[in-house]
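Please find below a short note on the model under review.

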Amino acid sequence: MTDGTSTTLTDRIEAALRDVRDPNADLSVFDAGFVENIDAADGEVTIEADLTALDGQTSTQVVQAMLRAVDEVDGVESVHVERTTPTSEDHASVESFDHVIAVASAKGGVGKSTVATHLACALAADNDVALFDADIHGPNVPELLDVSGPVHSSEEGDPLPVRAGDMDVMSVGLMESGAPLAWRGAMAHDALDDLFENTAWRNDDVLVLDLPPGTGDVVLTTLQEVPVDGVVVVTTPFHASVSDTSRTVELFRDNDVPVLGTVVNMAEYVCDCCGEPNDLFTGDALSDLDAEVLAELPFSHDLQGTPAPGSVPDAVSSLGDAVESALDTAGVVSVDPTVDIRDLPPQERKDRVRERFTALDSGEPFVLVSDRDPTPVGQFLGRLAEAPREAFDPFEVRRETPEAWVLETAKP
């Protein structure tokens, strides 16, 4: 490209390409950084372009637009777009993320994938976010975000996530083209393990994992192999869903995963005609939840649409703020304990409880933090107070973090 004719042709090609836009960012393909090199020799033009930031359908549209634009340039006999991929030095592994947030549910059909997708888009307003669809038997994220494959590979052969705006997205559904998935056991484990280990992420602030419903092999595999910082559990206000959700919360805590809180989906709907809010489920089942409620989302048209990174309904925007706040305090006991007996030998535990409890006046609060279920301590307190169990009001025991239980009561 050193002689005058080639240089002039290259200039004309560049000018034509500057009229081709990236539909996501409304920039020219040059300003978006897609065009890496132009080789124009004897009218045969090869354009090297990195389009991995675009989803499959959008990248195809951009390639066709580039071909049409350059084909009309005087002096061009043929034109070819050669797709390139960045080197692996620009990619992060799953261990590189600052935070990994799992979204889980005890049952299917409660809107877990919808919540995971909207949460990722909400967090993308202030973070470089990636969304991993680990629901291997029902991968819905591609459809919810309106993205599609194919999934390209890096020079090392690692799968590259597709892009939804500035957000990375990976899903088995991007590679299976809607075919029914019947993987089970070791097959499901190996497929997820491969994607967890090898996906070449571009973003590395926050990874949101959309887990399959229930507590099967895929969920346990994720807990074992991905450094999950916290889990958001999705439920509806229906009593059976809440009951199963409480057991799922306990599963995560048993696996030392902090439960950031629950999202109550379909909490109400607003009538299109009169504008009045209505409950979809009766009763007060939420009182049985053993985790903080981060958000109560309505059954609304807003949440049925296609979210975009950084642009979500107000209710979901608030959820993003609540999750970030919960991450900051994950694993931290929120109460000011009267006595903390974690990591103490048995006799010292007993002595500490006796000393602090007997020093209280009647009616004063007593808050105990322990690294095991402190319910049996109630009998010991009863002997110290010379009062029956019924005399302690309130008497509440809860598991606040994977490593901490809290007992709250008052001296009779």
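Leaving aside neighbours within four places in sequence, which residues is Lys112 in contact with?

1. Basis of the note. This is a predicted model, in which local features need pLDDT of at least 70 and side-chain atom pairs count only at pLDDT 80 or more, while totals for chains, interfaces and linings use all residues. Residues are numbered from 1 along each chain as its sequence is written, and side-chain values use heavy atoms, with hydrogens and water left out.

2. Lys112. In reply to the opening question, Lys112 is in contact with Val103, Ala104, Ser105, Asp135, Asp210, Leu211, Pro212, Pro213 and Val234, its neighbours within four places in sequence being set aside (contact: heavy atoms within 4.5 Å). Lys112 belongs to helix H3; helices (H or I, at least four residues) and strands (E, at least two) are DSSP runs, numbered from the N terminus. Lys112 counts as buried because its relative accessibility is 6% (buried is under 20% relative accessible area, exposed over 50%, partly exposed in between, with a 1.4 Å probe and protein chains only). Its side chain makes a polar contact of 2.7 Å with the side chain of Asp210. A polar contact is a pair of N or O atoms within 3.5 Å; within protein, one must be able to donate a hydrogen and the other to accept it, and residues adjacent in sequence count only if both atoms are side-chain atoms.

3. Annotated site. An unreviewed UniProt entry places a "binding site" feature at residues including Gly108 and Lys112; such annotations may be inferred rather than shown by experiment, feature names are shortened, and positions follow the numbering used here. Gly108 sits in the loop between strand S6 (99–105) and helix H3 (112–123). With 56% relative accessibility, Gly108 counts as exposed.

4. Ser59. This residue is part of helix H2 (residues 56–71) and, at 2% relative accessibility, counts as buried. The side chains of Ser59 and Arg83 make a polar contact (3.3 Å). Not counting residues up to four places away in sequence, Ser59 touches Leu51, Leu54 and Arg83.

5. Backbone points to inspect. Asp146, although not a glycine, has a positive phi of about 60°; Asp146 lies in the loop between helix H4 (141–145) and strand S8 (162–164) and is exposed, at 56% relative accessible area. Glu386, also not a glycine, has a positive phi of about 50° and is exposed at 74% relative accessibility. The peptide bond from Asp393 to Pro394 is cis, with omega near 5°. Pro394 is placed in the loop between helix H11 (377–385) and strand S18 (395–401), and Glu386 is likewise found between H11 and S18.
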